[in-house]
Amino acid sequence: MLTTEQKLLCSVAHLGWLVGLPIIAPLIIMLLASNGFVKNQAQEALAFQIGMAILGAIFGVLSILLIGLPFLMIIWFAGLILPVLATIRVCKDMDYSYPITGSFIRKNI
């Protein structure tokens, strides 16, 4: 059972993009948290947000050629929906792993 503080820290890590800190919020929480579950959730949120930033930049450049527009829209949609789903799951005391970056983080870190 997670405490309210742990749920709040995980939620801030996942929803850092709402306040304009998509990479900084999970990084700070990952470095300062003492709980392993909170650190794990912050690591996954950080990896997801870094992945979204990289893919957004790549598809943003490709949108000049109109090739990247559909992918940019998919990335934008995933960047909005998946952190909200992560927050909902964490608030229900469930562990959440992002579809692609989560398995990479769990295997390598």
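Helices here are DSSP runs of H or I with at least four residues, strands are runs of E with at least two, and both are numbered from the N terminus. I note that this is a predicted model, in which local features need pLDDT of at least 70, side-chain atom pairs count only at pLDDT 80 or more, and totals for chains, interfaces and linings use all residues. Residues are numbered from 1 along each chain as its sequence is written, and side-chain values use heavy atoms, with hydrogens and water left out.

**Entry on Gln49**

Is Gln49 buried or exposed? I recorded a relative accessible area of 8% for Gln49, which means that it is buried (under 20%; exposed is over 50%, partly exposed in between, with a 1.4 Å probe and protein chains only). I then listed its contacts, a contact being heavy atoms within 4.5 Å. Leaving aside neighbours within four places in sequence, Gln49 touches His14, Trp17, Pro22, Ile23 and Pro83.

**Entry on Ser97**

I located Ser97 in the loop that joins helix H4 (69–91) to helix H5 (101–108). Ser97 has a relative accessible area of 31% and is therefore partly exposed. Which residues does Ser97 touch, not counting those up to four places away in sequence? I found Glu44, Gly102, Ser103 and Arg106. With Glu44 there is also a polar contact, side chain to side chain, at 3.3 Å. Such a contact is a pair of N or O atoms within 3.5 Å; within protein, one must be able to donate a hydrogen and the other to accept it, and residues adjacent in sequence count only if both atoms are side-chain atoms. I also checked Ser97 against Ala53: the two are 44 residues apart in sequence, and their C-alpha atoms are 18 Å apart in space.

**Entry on the whole chain**

I counted five helices and zero strands in the protein chain, in the order α-α-α-α-α along the sequence. The C-alpha trace spans about 50 × 25 × 20 Å along its principal axes. Of the 109 residues, 37% count as buried. Among contacts with a separation of 6 or more, residues 24 or more positions apart account for 61%. The chain exposes about 6600 Å², of which carbon and sulfur atoms supply 76%; I note that accessible areas come from the Shrake-Rupley method with a 1.4 Å probe, and for residues only the protein chains shown count as cover.
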